[in-house]
Amino acid sequence: MNFSEWVQTALLGTERHAPPRTFEESTLGGVLRRIPTDDRVRTVLSSAAVMAGYERVGRGPERLPGSTPPACPDEVQSRVGAAAGDLLRRILEGERPFLRSEWLSLATARDLLAPPMALPGLLEWGAREPAVREELVPVLGERGRWLAAMRPEWEWVTGDRRDESQWQTGDVATRELFLRHLRRSDPERALTLLGETWKQESPDDRLRLLDVLASGLSPFDEPFLETVLRDKRKEVRRRAAEFLMRLPESDLVRRMKVRALPLLKFIPATAGSLLKLSKSKPASVEVILPESCPPEWQRDGIEVRALPGFGEKASWMIQLLDGVPLSTWTDAWEVNPSVIVEASLSGEWSKELMDAWSRAVVRQQNPEWAVVCLDWARKLQRWDLLESLLHVLPQSAWEIDLSRILTEEKTVAHDRMGALLLSGSGRWSDTFSATVLGWLRALTGQPSGDWMLRNQLKHIAARLHPTQLKPASEGWETVSASWEFWSKGMDEFFAVVQFRQELQTAFAET
Amino acid sequence: MLENLTGGRQVFSNRQYMAWTSDQVLALAPDPSSAKSGKDLGVARKWRTLGATEACAWGTLQGSGKDPYQTCIDLAGPAFKCTCPSRKFPCKHGLGLFLVLAQHPGALTETSPPMWAAEWLAKRADQQEKKAAKESAPSAPVDPEAVAKAAAAAEKRAASREARVTEGLLELQTWLGDLVRTGIAALPGKPPAFWETPSARLVDAQAPGLARRIAALEGILTCGEQWPTRFLREVSRLHLACEGWSRIHRLPAETQADLRAVLGFPVGQAEVMAQAGIRDSWRVLGRRVVEEEGLRTQRVWLWGRREARPALLLSFSAGPSQPFDVGWMPGTELEADLVFFPGAAPLRALVQQRQSPVDSSDADLPHRNLSEALAQSAEWFRANPWTERFPLALRRVIPERRGDGWWVRDEAGDGVPLAVSDTVGWKLMAASGGHPVGLTGEWDGDTLMPLALHAEGSWFTP
């Protein structure tokens, strides 16, 4: 006499299945027996009603097996206040996702933890975007780690424990995080570990783990990287070659030097001579393109395929120049970078050489050459090069450069200005932020159709220095005719400014 | 509901303890797009003028019209007024102003209300007083003939209603019978019209309560592998209502009231209000808003501390233009007189009179464990078999994940399943950290649907 018997009858239908007829000797049985049986359907429904009522009233909780899983240990750090917690919730709910990093850094700087209800959202975010995991870990606290242990998708959190078993048994994301941490404290051990398992790693994993070596590169890594040059997969080989190129004493660099030196010839300036009736000639750089790209070159990472915009042989030359330390040229020719660059621009290969020098500057992060190349990039209005060259310089230097561009050079097409401003990363300094604001005020006073820049205004608002937030929210010429065009973007700009002000206030109060 | 407005606007004497967070403000939004528009306007910069006192807030801003819009909020309600043409309530300007108040109270610099705001507030105070006076005033002298005529008309209406309901229920019983005769296994494939038609006919038969429950049957089919059991239970309860109707006059008075409530007969609120109120400290357990067929229903669950019993405040709205009475935050408490609708297991109630403003409360939740809580719910289920849900207010439970489902476990080692999505489940886990927390929720006899969680001194609505 079980409810499931009645359910069975109902499922099949009374036409096909007779309702149960036996009842136990009990009060319930007695009641059920008294239900008239002349109408099958009515019998089923009435009996079901009695039983349903009986069961619902009689139902108690279930006795759960096992015991309560262990609770989370107490937090050592404090949590952020309610206001800051509320702002995080708004950020996570999609209001201003690009401000997430700011919230995280404000919390981390004060050693504070995220509120508990935000933790699942943060853990999910870390699962989806590996790049952000390091920023997230400091605000998770004991609660976050406790929670993360419950789902395999959140295993990435505990990868920060220096536990070599993570390396042996974790998934690739966990192992990568482990290796990155180890690489910071003990780069040689990290390399050794990677070398041990290299042969068993899948090609995708190889690329990922190889990337870890990018930080802390040293000659110690050279022998391993040389073996990786023979890897089956091209991207893996190229990456290894890139790393080797960053080691000026490496064998690869020596090989590249040998190949590159014969390609260029520096011809110093000649003074004109009245007697010889010849004009003075400026310095120039003569180019002798390589004839071929033999397999040894390709093993060292030179692509056979032409780079976009250049011929095949020129592309090989560019790649070689890219890989050779810039000091090679200043040493060989005993002249300054500015002389070399100026000389490169006066010949027929100016485009190729300019490109090559710029790549080398960016790869080798050489500030001395960067200043020279920037100068020329500006003169030649090569804004594309500007974006990457600028950030070779320290922030204070590129801010000065950009300030100059903002205040003086009205010729910069504004659609590049947005990209230029937003290139690189990190908060702008106080003074630079003020300069940008000044430029924006002038810009919004003029009519424009630059909807691309308008869309970028909110990102500009995100980079301003905190002290400039208040000035950014006032003193705008909103009545001008051009404001109507800008207002949509500026509304978002103000919203971001205000949000950031709320962030500053919320954390200041904590 | 009366507010103590004559005491010089002392209702919320300290703006801090009833401080509204942006969360709570946005909960007042009638729909998500209003919430978003409200957020956009929650920026002090957008407002031309802004001001507040302890009892109200006001502001003006330039909208798309010629003249700036004037917006005002009576914080004691809260109640909103705005000169914009929107029919939503509260409109985005009201929400925006409230958000500015919640997030940047310092931006509301004016201190004395402008004419237009003061006028509206005075009018409101006037209306409240008039309403109070009317309710306590002696009734007007009656004309016996008019009364008799009205009574006769009412009787005729009632008789006609009864006839229609009887007919409608006979039809329903046949329909229910057909389901069981042919077998419910075939139901999951049926088109929506299969459920809409009988539901519509019940509306015609003036039994809207049953109509709603018939329409909801379709949802049971998709609730999981237990659906045949749950379906049969619900259908048998509806059959019980039909059987009950055919013998209604032989049923005890209270059960008659319950039956009429299931069918959906309206109950005169004046009659209910006229009863003696039950005074107690009523604690807010939580609030749920559901939307069915364009009708929005708000359930506010209260718990009477001394009475040790729950009360349910029901409000309905036909859409965004009709507001719910707002401001029911879990964990708050108010001293009030409640009156209950008639029935064998009274749940639904009305607030007859508030004696004090809403205040936060630190008292323990009433149910010490699940056995106690379920035992109490059993009393209600027994007395009125058509009770859909009963509130649980568990003092110390731990949310847990078992396999693919979510449960709560009490300190005796008992548990009940939760009806939550994974997103909510993980939030509950995070908020508890494996430690016992307070949890309120709606229990339907099978699962518990959480309303609010109390952990580390604060209340959360997951």
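How many salt bridges are counted between chain A and chain B? In this predicted model, the count between the two chains is seven, and one of the salt bridges found joins A:Asp491 to B:Lys46, with the closest N and O atoms 4.0 Å apart.

**The interface of chain A and chain B**

Between them, chain A and chain B bury about 5,000 Å², and 60% of this area lies on carbon and sulfur atoms. The contact draws 54 residues from chain A and 68 residues from chain B. Across this interface there are 28 residue pairs in polar contact, both residues being at pLDDT 80 or more. On the side of chain A that touches chain B, the elements giving two or more residues are helix H1 (3-12), helix H3 (40-58), strand S1 (62-63), H4, helix H6 (119-128), helix H7 (133-148) and H27 of chain A. Of these, H3(A) gives the most, with 11 residues. The residues on this side of chain A divide into 28 nonpolar, nine polar and 17 charged.

**Salt bridges over the structure**

Over all chains, a search of the whole structure finds 65 salt bridges.

| Salt bridge | Closest N and O atoms |
|---|---|
| A:Asp491 with B:Lys46 | 4.0 Å |
| A:Arg184 with A:Glu134 | 3.4 Å |

**The packing of H4(A) and H27(A)**

Two packed helices are described by the angle between their axes and by the distance between those axes. For helix H4 (residues 82-92) and helix H27 (residues 483-509), both of chain A, the axes come within 8 Å and cross at roughly 145°, and the crossing is left-handed. From H4(A) the contact is made by A:Ala83, A:Ala84, A:Leu87, A:Arg90 and A:Ile91, and from H27(A) by A:Phe499, A:Glu502, A:Leu503, A:Ala506 and A:Phe507. These contact residues divide into eight nonpolar, no polar and two charged. Both H4 and H27 of chain A are also among the elements that give two or more residues to the side of chain A that touches chain B.

Conventions. Residues are numbered from 1 along each chain as its sequence is written. Chains are lettered from A and ligands numbered from 1 in the order in which they are written. This is a predicted model: local features need pLDDT of at least 70, side-chain atom pairs count only at pLDDT 80 or more; totals for chains, interfaces and linings use all residues. Side-chain values use heavy atoms; hydrogens and water are left out. Axes are lines fitted to C-alpha atoms, for helices over the stretch in contact, and angles run from 0 to 180 degrees between N-to-C directions. Helices (H or I, at least four residues) and strands (E, at least two) are DSSP runs, numbered from the N terminus. A crossing is left-handed if the near helix is turned anticlockwise from the far one by less than a right angle, and right-handed if clockwise. Contact means heavy atoms within 4.5 Å. Ala, Val, Leu, Ile, Met, Phe, Trp, Tyr, Cys and Pro count as nonpolar, Asp, Glu, Lys and Arg as charged, and the others, Gly among them, as polar. Buried area is the accessible area (1.4 Å probe) that two parts lose on being put together, summed over both. A salt bridge is a side-chain nitrogen of Lys or Arg within 4 Å of a carboxyl oxygen of Asp or Glu. A polar contact is a pair of N or O atoms within 3.5 Å; within protein, one must be able to donate a hydrogen and the other to accept it, and residues adjacent in sequence count only if both atoms are side-chain atoms.
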